[in-house]
Amino acid sequence: MSVKFRYALVNGVNTLPNRDENGNVLHGKCSLCGGEMIAKCGSQRIKHWAHKSISECETFTRDMSDWHNDWQDKFRIDWREQPVVDAIAKKGHKADVRTQDELVIEFQHSPIKPEEQLEREEFYSSHGKGMVWVVDATRYQQLQKHFEEEKLYFDYKKMNGLEGDDVFNNYCIIKNAENVFPVQWNNRRVFVFFDYFDVEKNSGDEYLYCLFPKIIERERIILRFPRNLFVAFVSDFSNVQTYLINAFRKILNVEQEKILSIQRQKQTVGVHGFSIDLVARRQYKQRQMQEAIAKANARNNGYSNWGKKSKSCHSSNFRYRK
């Protein structure tokens, strides 16, 4: 089955499917394989480009949803549906967005097979500066409800010392991420941004939530991004992947130092508590021993009314009847 595309090269320019001034459909070239493409502009289906002849130049499924197109349209047109080619393996794929710094951004609304997820990550990560996912989280309605409830308790912290930390400096640590994020996206090897904004209703969360790769067992790092600044962030920074990795390392270092500090405090309290407890036990045993000796002396002296009012005997550290 032929894969549908949003863009084709017309006179060397990335162009949406349309008709010319005479009403004829446009013809263009595939940016990946160079094959001829024809604009499909019927009224029954979404406008798209298709190869004139059957082509297998792209094996990845293509997303044509409104949410996907809305995100893609936020970026420069010459960054959209850009080819990434492996010259040795003689294969390639069209990235949803590929920046001038070779970072690939894949927008995912529709279901995707796990094997294709992994293939995309491995392919794009080995051909450029890596990739990130942006996922339409509104599709997972039940999990979205859990997320809306849980995020009220997210304890955001400031992250300083990185370029752009005046905007992208809110992170938190959560446990049991599978309760709020789809399992399929929980254990990725790359950064995943969850979008909770409903494009159709034009309402929703104004932030993207970046789930960092899993490192700490049962604990995950989330970085909160202003949704409306994401494109500028990706466009202006020299290397987004490097920024995210540096942020990841900084957060891990900060959190690890906190954990070590807490452990040191526990160890100090534990040793101190043990020493106090040990002294108390020794004093208690000493008092027991003194009382036992006093009773024994009292019996030996023929006193049977132990426990009544007594006089002090200053020759020892205990009291007994005399």
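A: This predicted model holds zero disulfides, a disulfide being a pair of cysteine sulfur atoms within 2.5 Å. For Cys 33, the closest cysteine sulfur belongs to Cys 30 and lies 3.7 Å away, so the two are too far apart for a bond.

Residues are numbered from 1 along each chain as its sequence is written.

We turn now to the core. A nonpolar core is a set of buried Ala, Val, Leu, Ile, Met, Phe, Trp, Tyr and Cys residues joined through side-chain atoms within 4.5 Å; buried means under 20% relative accessible area (1.4 Å probe, protein chains only). The largest such core has 28 residues, of which Trp 71, Phe 75, Ile 105, Phe 193 and Leu 244 touch the most other members. Among the elements that give it two or more residues are helix H1 (66-72), strand S8 (104-108), strand S13 (203-211) and helix H5 (240-300). These are DSSP runs (helices H or I, at least four residues; strands E, at least two), numbered from the N terminus. H5 supplies the largest share, five residues.

Beyond its neighbours within four places in sequence, Trp 71 is in contact with Phe 107, Val 134, Asp 195, Leu 208, Arg 227, Phe 230 and Val 231, where contact means heavy atoms within 4.5 Å.

Key. Predicted model: local features only at pLDDT ≥ 70, side-chain atom pairs only at ≥ 80, totals over all residues. Heavy atoms only, no water. Buried < 20%, exposed > 50% of the residue type's maximum accessible area, 1.4 Å probe, protein only.
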